[in-house]
Every structure is written in structure tokens, then in C-alpha cells.
Amino acid sequence: MSLAGKELVDADVKILDIALKYGYETAESFTKAFTRFHDATPSAVKRKESIAKTFEPLLINIDVRGGFIMQRKLIPNVPEIPYDGNNAAFFITLLEATLKGLGEDCDKAMLTALSGEGNRFCWTDGEWVFGNELTDSINETPFETESRVLSAIGWNAKYITVQRAKDGSFMNTDALQIRQDFISAIDRGFPVLVSHIYHADCNLNVYFGYEDDGRKIIGYHYNNGFEAGVSPTSDVSVPITWDNWENNVSNYILLQGKKETASARVTALSAFQYVVEHARKTTEIKGKKVGLAAWSSYLYHLEYDDFSELSSEEVKNRFFIYCDGLCQIIARKGTLPYYRHLADQFPEWRDKLETAIKALDDCASYGGFLWNQGFTFDEAGFEKFRSPEARRILANAGREAMQNDILAVEQFEKILGLA
């Protein structure tokens, strides 16, 4: 407190900067401690309206060899991140928060469209398995989606894949190198986007601080654990500190700085091209169907698979997996503001984009159709999902949604001159 008071008087620095330097996360907590010590507020001392207490330092000679200087660093202004259990396009939610923390005025609708996350569909043919909605499920190469959107908005980044042996030991890096990468990024003011081996809620996070020279990392914990059908304790994320965190890191992205971007027109055409290629793709990615092929498989298994011999728990899991598919479909709504902006910016595209916007909006509305049919997140709803008749109704409505998705893709093809 004596040093903090001296710096406020002698140096032209902000009170918040002094607070962060001396280990306080907010100006309010620093002000309380400062006032108790000096009998004056930091503002009064800075304006020289009051005098700060000063103490001559006690000099103690200690010879310490080895070890680390304990440090704490926190990037301010990283927004709270909402999480409702929906992993579809959640990478975009994290990216938006990261960029806003860096002071960038980013457009989430544009990020959703440029990444392809707002027009994707992925399904594992012949199986009911979790994870179809995750970003990595449509990446043919590591970080394909992430690099697509970051490059489009003008960010250079370094993409790190952590390779491990069967026993979990590091193969291409080590805990110290990972720690150094994160400390270096955070020291330069760049939060780190992370994929985990395991996480209580989802496998993505953003780390924006560290303690004890990186031995502990600070990131967000989502809703204290989301449970489907149960109101979360909070609709935003909670900052939390982890230790031994390096062993849970799978991949991470180190932002490197800005670069020049393509024109708005070229950027939009690239986004349309990806949507079309994804929709029309006939080969599988990592054993999963994508695009319209995924749609067809999804609806076929929804209608024709036999649930009669499944346990209640198995039916419940299939219901959640079906809903994961709906989350992907609902994500189409997230792109619409960007497409509306393009319709205004490029009049020659307006008619086609307006058709695509209405089609995508109608398609996304299928995400809420099951609630209109009386399905619920409880035992009664799960048992209803066992019924072939009830699932047939869902499948038929899904085929109408799929036709709207096709109509939107056809408009993008017309803009690209492919139709």
C-alpha cells in the first residue's frame, strides 16, 4: 500500500492499473484496502488532496536459489460468456468474447456465417452418438473452421495440436512449453482459445489470466455445470482458477495480431462457397455425414429406427442427441443479420438473399417444432420419443425444414454462378 500510494503521486498512471499491479482485480476492492491503510481514497491522493502514508522499506537479505517469481496476470474486460448446454457454434460465442475483450467491434452474425457454423449439419450415419454438433466434427484438418473465420476477419494465429501417447504423456510438447505459450499470450494481452480433453460442460474455453507463473490458469466455468431440463444457477459463466491444467489441454489457438483482410464482397463469396460445398458434400468427415447427406440420414433414423427394446436411459440419450441436431439447425438464425446486411450492401444479390433469409428462418424454426408437439425434458417426453408415430411427425416436419435449407443453398449457388 505504501508503494501504491507513492506511485499514484509520482507516476501518471490509472488507479485501475495500480490496482491490477498490486493484485486487486477491481478498482473497488483496491480503493477499500487503500482507504483503510492511508485514511484517504486513491483519487484524493492522486489529486494531492490528501497525503499517503509512507514507510521506509525493511531490508532483509535472503539468498534464494532456483524457483520462480510468483506472478499473477489478468486480462480485463473479457465479457461473461453465456452457456445453455448448446455446443453448436459455441466456438463463435467464445471468439466473440475474446475479440470484445481485445476491444474489437465484432459482429457475431458475420463470425457465425464466415465460420460456416451457422449453415452446417453433421450426423453419424447408423449410430446415435453425442458430439455431432461440435466444431471439430466438421473439420477435415485441425482448426479448419477456426482458421477460416480468423483469417477472414484479419487475424494471424498460431494453431497448436497437443499430441499424446496412449498413456497420456506428451509427444510433441511438454507442460512447461504449454505454460510458457499461455503466459506469453496473456502477457501480450491476448486471451487463449482452448480445446480440452475433458471439461465438465463442454470441451471449449477461453483462458484470460494466470497465477503462480502459470501453474494456475484463469478461465470461465459455465453455469456451475449445465443439466438439461434444470434451470442453471446462472445464465452466465463464472471465472475460476484451475491447477494442473496443462494435462487437460488438447488444442489451443495463440492470437498473433491483425493483418489486411479481403474486400467485403470477396469475403462474402468465400462464405457462400463454403456453405455450398458443405451442403453438397457426399463423402464423410471422420466417419460422419455432413450437409444434406447428414440431413437425410438424421431424418431417416429418426423415423425408422426401432426404439421398442431400448431402456429408458437409452431413449433419453437418443432424445438429447436428436436435440443436438436441432441445435445445429437453430444456428441458422445466427447468420441472418449478416445476410440482411449483405442484401443492403450488394443490391444485385438482394432478391436471392431475401429468398435465402426467409428459407433459413423457416428452416431454423424446426428447432422448436418438438415443443409444439408436447415433448418435454422429462420422463414423459422421453417416452413419447419412443413412439414411432410421434417421431414420424417430427421427421416429416424435418423434411420440410430440409427443403428450406436446400432452397437457401440454391440461392447461394445462383450468386456464385453455379446454378
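Q: What makes strand 4 and strand 5 (residues 204-211) a pair, and do they run parallel or antiparallel?
A: In this predicted model, 4 bridges join strand 4 to strand 5, and the two run antiparallel. Pairing requires at least two bridges, so these strands count as paired. One of the contacts is between valine 194 and its bridge partner in strand 5, asparagine 205.

Q: How do you know that strand 4 also pairs with strand 8 (residues 249-258)?
A: Strand 4 and strand 8 are joined by 4 bridges and are antiparallel. At least two are needed, therefore this is a pair as well. Leucine 193 has isoleucine 253 of strand 8 as its bridge partner.

Q: Why is strand 4 (residues 192-196) called mostly covered?
A: Of its 5 residues, 5 are buried. Buried means under 20% relative accessible area, so each of these residues falls below that cut-off.

Q: Which residues of strand 4 lie on each side, and are they buried or exposed?
A: In a regular strand, side chains alternate between the two faces of the sheet. Val192, Val194 and His196 are on one side of strand 4, with Leu193 and Ser195 on the other; all are buried, and both faces are covered.

Q: How many cavities of 30 Å³ or more are counted?
A: The count is 1. The largest cavity holds about 80 Å³ of space. It is lined by 14 residues, and the closest to its centre are Asn119, Ala279, Arg332, Asp405 and Val409.

Q: What classes of residue line the largest cavity?
A: Its lining has 8 nonpolar, 3 polar and 3 charged residues.

Notes. Residues numbered from 1 in each chain as written. Predicted model: local features only at pLDDT ≥ 70, side-chain atom pairs only at ≥ 80, totals over all residues. Heavy atoms only, no water. 1 Å grid on protein atoms, 1.4 Å probe; cavity = no way out; pocket = protein on both sides within 12 Å on 5 of 7 lines; lining within 4 Å. Points joined across faces, edges and corners; volume = space filled by probe spheres on them. Nonpolar A, V, L, I, M, F, W, Y, C, P; charged D, E, K, R; others polar. Buried < 20%, exposed > 50% of the residue type's maximum accessible area, 1.4 Å probe, protein only.
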